[in-house]
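Here is a short report for a reader meeting this chain for the first time. Take a look at the structure, then read on.

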Amino acid sequence: MTKSLEEEAKKFAQKKRKPANVKEITPRLYLAGQAMGGFIAAGRQTWRMEEIRKASFDWADYMLEDDT
C-alpha cells in the first residue's frame with residue numbers, strides 16, 4: 001500500500017499546474033484593506049459589513065485625493 005501511495009505522490013508532484021489567477025492589487029484596494037483592518041482591530045461591535053466596506057473605501061479615496 002505504501003508503494004502505490006508513493007507512486008501516486010510522485011505522479012502528482014510531476015503534474016504541471018497552472019498558476020492561480022492573481023488579481024493585481026491597486027493602491028485603492030490596498031488602502032481600503034488597511035483601513036478595514038484598522039476598523040476591525042478597533043473592536044467596534046456595531047459595524048455591519050456594508051458599513052465597514054463603505055468606510056474603508058471612503059478612507060482609501062480620501063488618502064488618494066490629490067491635494068495639490
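## Fold

This is a predicted model. The chain holds 3 helices and 0 strands. Read from the N terminus, its elements run α-α-α. The chain is more spread out than a compact globule, because its radius of gyration is 22 Å, well over the 11 Å that the globule rule gives for 68 residues.

Along its principal axes, the C-alpha trace spans about 65 × 35 × 15 Å.

## Burial and surface

How much of the chain is buried? Buried residues make up 12% of the 68 residues. Here, buried means under 20% relative accessible area.

The accessible surface of the chain comes to about 6,700 Å². Carbon and sulfur atoms account for 58% of that surface.

## Charge

The chain carries 13 positive side chains and 11 negative ones. How far apart do the centres of the two sets lie? The distance between these centres is 12 Å.

## A nonpolar patch

Which residues make the nonpolar surface patch of about 290 Å²? They are I25, L29 and Y30.

L29 sits in helix α2, which covers residues 27-42. Is L29 buried, exposed or partly exposed? Its relative accessibility is 34%, so L29 counts as partly exposed. That class lies between the cut-offs of under 20% for buried and over 50% for exposed.

Notes:
Residues numbered from 1 in each chain as written. Predicted model: local features only at pLDDT ≥ 70, side-chain atom pairs only at ≥ 80, totals over all residues. Heavy atoms only, no water. Helix = DSSP H or I, 4+ residues; strand = E, 2+ residues; numbered from the N terminus. Rg over C-alpha atoms; globule rule 2.2 N^0.38 Å. Buried < 20%, exposed > 50% of the residue type's maximum accessible area, 1.4 Å probe, protein only. Areas by Shrake-Rupley, 256 points an atom, 1.4 Å probe, with all protein chains shown as cover. Lys, Arg positive; Asp, Glu negative; His and termini not counted. Charge placed at Lys NZ, Arg CZ, Asp CG, Glu CD. Patch = residues over 30% accessible without salt bridge, like charges linked within 9 Å, V, L, I, M, F, W, Y side chains within 5 Å. Salt bridge = Lys/Arg side-chain N within 4 Å of Asp/Glu carboxyl O.
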